[in-house]
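Trainee: I am new to this structure. Please show me how to read it.

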Amino acid sequence: MWFKKKKKTTPTVYTEEICQKCSEKKKRNFEEGDYIYRIGSNCKKCSDLTMINAIYGEYPIEKQKQSQEL
Ligand SMILES: [Zn+2]
């Protein structure tokens, strides 16, 4: 008797940057070295510097994950 290994779903990690000036938020893929309060890229709206305000993981939307056990 053996057990099926549960599929591990790895969450995709995102980094959210927020503009200090206009509060424009930008979500992008997490890059190594990112951390909260780190200076991010330039704002696409006002070109001011953005700051990383959140790093979080999101699980991909499950594609009809129904067990097919007969
Ligand atoms: Zn801005």
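Trainee: How much of the chain is buried?

Mentor: A residue is buried if 20 or more other C-beta atoms lie within 10 Å of its own, exposed if 12 or fewer, and partly exposed in between; C-beta atoms are placed from the backbone. Here, buried residues make up 10% of the 70 residues. This is a predicted model: local features need pLDDT of at least 70, side-chain atom pairs count only at pLDDT 80 or more, and totals for chains, interfaces and linings use all residues. Residues are numbered from 1 along each chain as its sequence is written.

Trainee: Which secondary structure does the chain have?

Mentor: Helices (H or I, at least four residues) and strands (E, at least two) are DSSP runs, numbered from the N terminus. This chain has zero helices and four strands. The pattern along the sequence is β-β-β-β.

Trainee: Which strands pair with β1?

Mentor: Two strands pair if DSSP finds at least two bridges between them. β1 (residues 12-19) pairs with β4 (residues 49-58) in the antiparallel sense, over eight bridges. Five bridges join β1 to β2 (residues 25-29), also antiparallel.

Trainee: What lies between β1 and β2?

Mentor: Five residues separate these two strands of a hairpin. S23 sits in that loop. Its phi is near 60°, a positive value in a residue other than glycine.

Trainee: Is S23 buried or exposed?

Mentor: S23 is exposed, because 11 other C-beta atoms lie within 10 Å.

Trainee: Where is S47 found?

Mentor: S47 is in the loop between β3 (39-42) and β4. Phi of S47 is positive, near 60°. S47 counts as exposed, with 10 C-beta neighbours inside 10 Å.
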